[in-house]
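User: Hi! I am learning how aromatic rings get their labels. Could you walk me through an example?

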Amino acid sequence: MTTAARPTFDPARGGTGRGEKDLSALSKQYSSRDLPGHTKLKYRDQGQNTAEELRNRDFREELEKRERDNKPKSSVASITRRGGAEPASSAISSSASGSSNAKRQKIETPQNLDADDPVDSDNSDSDSDEDDTEALLAELNKIKQERAAEQASRERTKQQEEEKIRMENILSGNPLLSYSSTAKAELKVKRRWDDDVVFKNCARSEPDKKANQFINDSLRSDFHKKFMDKYIK
């Protein structure tokens with residue numbers, strides 16, 4: 001018999017008194033895997049840039065040595081012979097300035113023109129260019145006008161054809177408006193293909209037109225008669 005419906009006279013109570021249990025107290029048991037591990041840090045061994053090794057190294061000397069090793073020989077030679085390099089650079093700059101002055105004088109001096117050469121060739125060229133531009137613009141406008149006229153004529157022709165087709169559909173759609181001998185023959189009601197057959201509506205499966213009547217006799221009922229006609233006769 002179950003005891004679920006019975007009242008509890010001694011329920012669980014939290015606390016530290018007599019008969020009470022501290023439900024929030026933690027367990028005193030723990031696993032060996034929960035013990036603290038790796039309680040010591042790893043230190044650098046000898047040859048791994050320890051503090052003592054870094055304290056005894058001269059980083060400035062190492063940096064200068066690497067710079068001397070990686071610097072190209074040409075720059076070193078130019079630095080060592082810095083006194084002889086300055087006159088060469090001054091000579092190069094003076095030659096460059098002399099050549100620029102000669103070019104400037106050559107440009108400023110007017111060139112001798114022949115008597116046969118036209119003086120205003122630039123003006124004539126500009127005038128001819130303007131004339132050609134005007135002619136091209138006029139031709140372009142003419143072409144645009146011709147294309148616009150062709151487009152308008154095509155649209156008018158298309159609208160006329162659509163209107164003609166619409167009117168033909170309106171006139172031919174109503175048979176009363178186009179009444180003629182052919183239309184008179186078409187207005188007759190068509191006969192069915194089985195109107196003039198000899199045996200018509202003689203199917204055995206057609207329902208009997210007699211009114212159904214209830215007969216309280218299993219041998220003379222309509223169901224019994226149909227059953228006998230179907231399976232016995």
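Predicted model: local features only at pLDDT ≥ 70, side-chain atom pairs only at ≥ 80, totals over all residues.

User: How many aromatic pairs does the count come to?

Analyst: The count comes to two aromatic pairs.

User: Why is the pair of phenylalanine 223 and phenylalanine 227 called stacked?

Analyst: The ring centres are 6.4 Å apart, and a pair needs centres within 6.5 Å. The planes of phenylalanine 223 and phenylalanine 227 are at 25 degrees, and planes under 30 degrees apart count as stacked, so this pair is stacked.

User: Where do phenylalanine 223 and phenylalanine 227 lie?

Analyst: Both are in helix H7, which covers residues 222-231. They are four residues apart, about one turn of the helix.

User: What makes the pair of phenylalanine 227 and tyrosine 231 tilted?

Analyst: Here the centres are 5.0 Å apart and the planes are at 45 degrees. Stacked needs under 30 degrees and edge-to-face needs over 60, so the pair is tilted. Phenylalanine 227 and tyrosine 231 are also four residues apart in helix H7.

User: Why does phenylalanine 223 count as exposed, and why does phenylalanine 227 count as partly exposed?

Analyst: Exposed means over 50% relative accessible area. Phenylalanine 223 has 65%, so it is exposed. Phenylalanine 227 has 41%, which lies between 20% and 50%, so it is partly exposed.

User: And how do you know that tyrosine 231 is exposed?

Analyst: Its relative accessible area is 52%, and the cut-off is over 50%, so tyrosine 231 is exposed.

Conventions: Residues numbered from 1 in each chain as written. Heavy atoms only, no water. Phe/Tyr/Trp six-rings, centres within 6.5 Å; stacked < 30°, edge-to-face > 60°. Helix = DSSP H or I, 4+ residues; strand = E, 2+ residues; numbered from the N terminus. Buried < 20%, exposed > 50% of the residue type's maximum accessible area, 1.4 Å probe, protein only.
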